[in-house]
Amino acid sequence: MKKIVTLSIALLAFAFSNAQETAKITKSTKKATSKVAALPKVEGAGMVFDSETIDYGTIAHNAEPNRKFEFTNNGNKALIITNTQGSCGCTVPTTPKEPIAPGARGVIGVRYATDRVGPFTKTVTVSSNAEGMPSKVLTIKGTVLPDATPVAPATKI
């Protein structure tokens with residue numbers, strides 16, 4: 001009986017201390033998440049991209065060519081994208097037509113010509129009224145695989 005009581009107390013103590021550790025981990029994770037979500041504020045228009053590089057990865061010939069660069073206006077004035085320019089004719093960006101309000105999110109679309117086989121690294125230059133950053137260079141990269149080579153049927157001898 002004495003062993004059962006001692007074992008029960010030990011198990012309860014272990015469970016209680018483990019529950020406190022889990023609560024500490026959850027609180028610290030919430031704090032880290034809220035710090036990441038906060039964007040630095042700027043005076044004027046601002047532009048912070050979720051990612052400045054899009055990796056298409058290794059894709060099939062003529063695969064889906066469209067991707068998106070998403071951004072947030074972290075300023076206190078409207079952000080106006082005046083131009084987007086691809087580094088070559090194979091990279092075609094789309095420009096938001098309307099101003100992006102402070103705190104709002106926007107999207108710059110990009111279409112790469114996936115009919116071109118081989119590795120690629122291309123850029124998109126974004127011109128705007130963003131404070132301290134009138135132009136921003138974004139990158140796309142990846143590799144387009146060639147079509148599979150057809151296998152000739154075996155001939156009978």
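Let me begin with the hairpin of S7 and S8, where 6 residues lie between the strands and Gly132 takes a positive phi near 75 degrees. Strands here are DSSP runs (E, at least two residues; helices are H or I, at least four), numbered from the N terminus. Please note that this is a predicted model, in which local features need pLDDT of at least 70, side-chain atom pairs count only at pLDDT 80 or more, and totals for chains, interfaces and linings use all residues. Residues are numbered from 1 along each chain as its sequence is written, and side-chain values use heavy atoms, with hydrogens and water left out.

S7 and S8 run antiparallel and are joined by 10 bridges; two strands pair if DSSP finds at least two bridges between them. Phe120 stands opposite Gly142 in S8. S7 is also joined to strand S4 (residues 81-86), again antiparallel, by 5 bridges, and Gln85 has Thr125 in S7 as its bridge partner.

I turn now to the salt bridges, each a side-chain nitrogen of Lys or Arg within 4 Å of a carboxyl oxygen of Asp or Glu. The count comes to 4. One of them links the side chains of Arg105 and Asp50 (2.4 Å, N to O). Arg105 lies in strand S6 and Asp50 in the loop between strand S1 (48-49) and S2, so this pair ties together parts that are 55 residues apart in sequence. Arg105 also meets Glu70 in a salt bridge (3.1 Å, N to O). Glu70 lies in strand S3, so that pair with Arg105 of S6 ties together parts 35 residues apart in sequence. Through shared partners, salt bridges join Asp50, Lys68, Glu70 and Arg105 into one network.
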